[in-house]
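User: Hello! I am new to this structure and would like to learn how to read its helices and its chain contact. Could you guide me?

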Amino acid sequence: MLLMQIDWLFLIEKIGLITIILLISLGIAAYATWGERKVAAVMQDRIGPARAGIFGLLQPLADGGKLFFKEEIIPQSASKIIFVLGPAMFMVTALMTSAIIPWGPSFEVGGRIISLQVADINIGILFIFGVVSLGVYGIMLGGWASNNKYSLLSSIRAASQSISYELAMGISLIALLMLTGTLSLHDIVEQQHGFWADGYFTWNFFKQPLGFFIFLVCAFAELNRAPFDLPECESELNMGFHLEYSSMKLGLYLFAEYINMFISSAVMATLFFGGYNYPGMDWVAAHAPQWLFVLSGVTAFFIKIIAFILFFMLIRWTLPRFRYDQLMKLGWKSLIPLALINMLITGGVALWLGK
Amino acid sequence: MDLFEILFWILTIGAISSALGVILSRNPINSVICLIATFFAISGHYVLLNAQFLAVVNIIVYAGAIMVLFLFVIMLMNLNADVEPQKSRLVQFAGIISGGILFLVILAALRDSKINGTLEKSANSVGLIENLGKTLFQNYVLPFEISSVLFLSAMIGAMVIGKKEPSNDLPERSPNQN
């Protein structure tokens, strides 16, 4: 009886989607490492990885293979279970957000509407907050379990940094929510349909430029990317929370950072830059077959994501690292008041326009 | 036994076993991790009751913020199982007696309460964020606002306590410098 109740087609569809998203995330993260080295090389007038394959395109495979075959070392005084749990939790939380991102327009196959979103929950944005706030556990547990002073300092830095910047991030999104009136990511993307409607841009970036700016800065801080990479600051903490890690556990930490970057780029593209919408999509929908329309939407989304990833890399190789007190000052004394003012202005304007 | 019930039992077993882990493990860090697992299981229960907002807020506030601070403090205190202070007999007896009394009260309350066999599963949508927001801001505006003022005063209080008093060390240092 139980087997009859489950909608098997639905289950197969979702499992297929999850598998594809997982593979794409891992693939993009792998090639983001290559991209980062190439971007760094271009900006420093070097060639970058060039030995493995054409343009060094096989470099991620070589790196991954190397990490797999390295000796696995667990420090004698480390808490073994938590030491292994740390990188695993970091990876899981990195991948979790991908479940609620709408990757493309939904389409119909044989009378069945298939949406390219694993779960359309009506608390989408709160789910993102939840996962972001869990992301710090991987760093904290790993850093503590290593039983190393530098790792512990780094994990404490990471925790306080992430708690501080979560606040400004949340308040900047409240202003966005006032305009959208919904928490579901699917609805937010549908509201940004096309590019231009009723005499104004539909994308949220043009309605919430300050909110986007605050969100972007907070995303840098949450990702522990330069200029906010205080937790793994080489010159002070000697690599920080993953100092004691080796082999694939180190690989998971490094890899999850790139997956985080990919997913947060996707979240930013969804919330502020229209997701899979692009100018002239109605014309394409009317003149092209359905599969081409869906494909063009997904392509537009991925172009936006890759543009964000390149922006992350440009910033990393341009700006120097903050000092820790500067980081805290920026978070608490600049971004939070700015986000509050943005929220007030948004509320006032929304009231004035009678939305 | 349908899917709902299977999920219910998995979550219940998870919640109870990890709650036992909180009080039985000697290492405080393990206790915190077990507590986080408990919160996740309880959030799962909320989702089964169709209270998605409550579920996700439970994770954000408890698992995401409060437990991070717990871990933070425990890591800084550097507690180990062998350094744990041995409590005196008197404290142990007081603990047993007060715990036993609490258990008795709960048992008495449970004995009188009736458990309705049927639970409205996904039919009620009270827990969805839209209805919750409307209820909160239409029927219960005043208590809501008053509680937010309470939070504000707690925040200001924390700031006042945490603020250093500048007049203490400045006069002492100035003669040395001259």
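Analyst: Gladly. Let us start with axes: they are lines fitted to C-alpha atoms, for helices over the stretch in contact, and angles run from 0 to 180 degrees between N-to-C directions. Helices (H or I, at least four residues) are DSSP runs, as are strands (E, at least two), and they are numbered from the N terminus. This is a predicted model, where local features need pLDDT of at least 70 and side-chain atom pairs count only at pLDDT 80 or more, while totals for chains, interfaces and linings use all residues. Residues are numbered from 1 along each chain as its sequence is written, and chains are lettered from A and ligands numbered from 1 in the order in which they are written.

User: At what angle do α11(A) and α13(A) pack?

Analyst: Helix α11(A) and helix α13 (residues 290–316) of chain A pack at about 120°, and their axes are 9 Å apart. Angles under 35 degrees count as roughly parallel, over 145 as roughly antiparallel, 65 to 115 as roughly perpendicular and the rest as oblique. α11(A) and α13(A) are therefore oblique to each other.

User: Which hand does the crossing of α11(A) and α13(A) have?

Analyst: A crossing is left-handed if the near helix is turned anticlockwise from the far one by less than a right angle, and right-handed if clockwise. The crossing of α11(A) and α13(A) is right-handed. Among the residues that make this contact are Phe262(A) of α11(A) and Phe308(A) of α13(A); two residues are in contact if their C-beta atoms, placed from the backbone, lie within 7 Å.

User: How do α4(A) and α11(A) pack?

Analyst: Helix α4 (residues 80–96) of chain A packs with α11 (residues 247–272) of chain A at an angle of about 20°, with axes 9 Å apart. The two are therefore roughly parallel to each other, and α4(A) passes α11(A) in a left-handed crossing.

User: What about α6(A) and α14(A)?

Analyst: The axes of α6 (residues 149–180) and α14 (residues 324–353) of chain A come within 8 Å and cross at roughly 10°. These helices are therefore roughly parallel to each other.

User: How many residues does each chain give to the contact between chains A and B?

Analyst: Chain B gives 17 residues and chain A gives 20 residues. On the side of chain B, helix α3 (residues 52–77) gives the most, with 12 residues.

User: Where does α3(B) bend?

Analyst: The bend at a residue is the angle between axes fitted to the seven residues ending there and the seven starting there. α3(B) bends by about 30° at Met67(B).
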